Structure formats: C-alpha cells, structure tokens
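Please keep the sequence and the model in view while reading.

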Amino acid sequence: MDVAIAGGHGKIGLILGRLLAERGDSVRGLIRSPEQADDLRAVGVEPVVCDLEWEGGAEVGAAVRGADAIVFAAGAGPGSGAERKRTMDFGGAVKLIDAADAAAVSRYVMVSAMGAAEPPAEGGEVFGEYLRAKAEADRALVASGLDFTIVRPGGLSDKPATGLVAIADSLERGEIPRADVAAVLATVLAAPNAVGKTFELVGGETPIEVAVARL
C-alpha cells in the first residue's frame with residue numbers, strides 16, 4: 001500500500017510512518033519544512049514538502065497523487081490560537097479531502113478528537129474552536145463520498161505503547177499513548193471493515209487487532 005501521511009513529522013505521524021514502512025508499505029510524509037526531511041528518512045518515510053495551510057489545491061493534489069490512502073494526522077498543535085484551528089484543523093483537512101477526490105485517492109483516515117461528536121455550539125475559547133473545527137472536518141469527510149475512517153482519540157500521552165485499547169461509538173474520556181493511536185491507524189488502513197466507521201479511542205484491555213476487527 002502507498003500511504004500519504006499529512007502531518008508526517010508530528011508525533012503520531014512519525015510513529016505511524018515507521019510502523020507502515022516496517023510492514024513493507026510505501027510511505028510519504030507531508031511536511032512543512034525541508035529541515036524535517038531527515039527525521040522522516042530515518043524511519044523509512046519519503047519526505048514531501050507541502051504546507052497544507054498555504055499551498056494551493058494543485059500542489060496538495062500533486063503531493064498525494066498515486067497514493068492508495070491518505071491519513072490526516074496534521075494539526076495546528078498546542079499553543080496555537082483559534083484562527084489556526086480553523087485554517088489547519090478544518091481548512092487543511094478539507095483541502096486534503098478535495099485533493100484526494102481530484103487525485104482519485106479513495107481511502108482517507110482522519111485523526112479527529114474525542115468531543116468532536118458534540119462540540120460546544122460557541123465559546124469554549126481555543127479548545128472549543130478546536131472541537132468545532134474537528135467536527136466540521138469530520139462532517140466534510142463523511143459527505144465527500146470517500147472511503148473514510150474517523151478516529152477520535154482521548155487525551156494523548158507519550159507513554160510507551162500498550163497494544164491494548166477501547167474502541168466504541170462513545171466512551172468515557174480517557175488517555176491513550178500516541179504510539180497506540182498510530183498502531184490503530186495502521187491497523188484500520190488494512191481493515192476493510194473499518195471503512196465508513198467513526199469511533200472514539202482510549203486505552204483499554206482489548207488488543208488492537210481484535211478491537212478493530214469488531215468494528
């Protein structure tokens with residue numbers, strides 16, 4: 001499988017890229033800065049410089065053309081303001097949806113967020129805007145006609161992977177290591193039963209492959 005990861009230099013993106021490369025997939029990572037390229041090459045990922053926030057549709061389409069699947073693991077990141085939640089977490093995701101459609105890349109996996117199912121209608125400061133941006137991006141993906149999977153993890157940590165998760169339409173808020181999120185993403189990419197599914201994800205007691213197979 002040829003997979004393009006938006007947010008290829010992010011904490012989840014780098015782990016996912018390594019996992020996919022290790023299992024023999026061809027992986028390209030979309031990055032904002034050429035200085036990030038060596039980090040991707042070190043884990044077996046081809047770096048592609050493409051800033052989703054500012055590049056035009058043609059450039060984004062060229063970055064993903066020929067891929068079998070896209071993973072949107074990009075984001076404005078901690079410390080960014082409400083405006084960047086709109087331009088990146090929503091705008092970047094939608095730009096990539098349009099590029100996938102134009103480039104005939106039918107498979108699209110979205111890293112969303114727990115809380116995006118019912119974001120606050122207004123207020124909530126920056127985090128509220130983040131959830132609204134994620135929710136709108138999720139709705140746009142569902143409406144796109146692409147073969148989507150939307151993954152909504154809880155609080156992210158840098159703890160070691162456990163390989164054990166809880167997956168359901170709705171869960172009590174909890175924490176999950178980024179490494180386990182990446183492993184779930186790698187698993188759903190190879191799971192036909194995950195197409196068309198949206199689910200929340202936290203640490204749990206079920207092995208990842210078993211949890212995904214139950215979707």
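Leaving aside neighbours within four places in sequence, which residues is Glu 175 in contact with? They are Gly 155, Ser 157, Lys 159, Val 202 and Gly 203, where contact means heavy atoms within 4.5 Å.

The model is predicted, so local features need pLDDT of at least 70 and side-chain atom pairs count only at pLDDT 80 or more, whereas totals for chains, interfaces and linings use all residues. Residues are numbered from 1 along each chain as its sequence is written, and side-chain values use heavy atoms, with hydrogens and water left out.

- Glu 175 lies in strand 9 (residues 175-177); strands (E, at least two residues) and helices (H or I, at least four) are DSSP runs numbered from the N terminus.
- With 43% relative accessibility, Glu 175 counts as partly exposed, a class between buried (under 20% relative accessible area) and exposed (over 50%), using a 1.4 Å probe and protein chains only.
- The side chains of Glu 175 and Lys 159 make a polar contact at 3.1 Å. A polar contact is a pair of N or O atoms within 3.5 Å; within protein, one must be able to donate a hydrogen and the other to accept it, and residues adjacent in sequence count only if both atoms are side-chain atoms.
- Glu 200 is 25 residues from Glu 175 along the chain, and their C-alpha atoms are separated by 11 Å.

**Helix 5**

- Helix 5 covers residues 125-143, 19 residues in total, and reaches 27 Å from its first C-alpha to its last. This is close to the expected 27 Å, the expected span being 1.5 Å times one less than the number of residues.
- The buried residues of helix 5 include Gly 128, Tyr 130, Leu 131 and Leu 141.
- Gly 145, which has a positive phi near 85°, follows helix 5.

**Salt bridges**

- The whole structure contains 10 salt bridges, each a side-chain nitrogen of Lys or Arg within 4 Å of a carboxyl oxygen of Asp or Glu.
- Lys 134 and Asp 89 form a salt bridge at 3.9 Å, N to O. Because Lys 134 lies in helix 5 and Asp 89 in helix 4 (residues 82-102), the pair ties together parts 45 residues apart in sequence. Lys 134 is buried at 2% relative accessibility, and Asp 89 is buried with a relative accessible area of 2%.
- Arg 132 and Glu 129 are joined by a salt bridge of 3.2 Å, N to O. Both residues lie in helix 5, three residues apart, about one turn of the helix, and both are buried.
- Lys 11, Asp 158 and Arg 178 belong to one network, joined by salt bridges that share partners.
- Arg 18 forms a salt bridge with Glu 22, with the closest N and O atoms 3.4 Å apart. The two are four residues apart in helix 1 (residues 11-22), so about one helical turn separates them. Arg 18 is partly exposed at 32% relative accessibility, while Glu 22 is exposed at 57%.

**Nonpolar cores**

- The largest nonpolar core has 32 residues, and Leu 16, Leu 20, Val 71, Leu 185 and Leu 201 have the most contacts inside it. Such a core is a set of buried Ala, Val, Leu, Ile, Met, Phe, Trp, Tyr and Cys residues joined through side-chain atoms within 4.5 Å.
- Helix 6 (residues 178-189) supplies the largest share of this core, seven residues.
- Another core, of 28 residues, lies apart from it and includes Leu 30, Val 48, Ala 93 and Ala 137.
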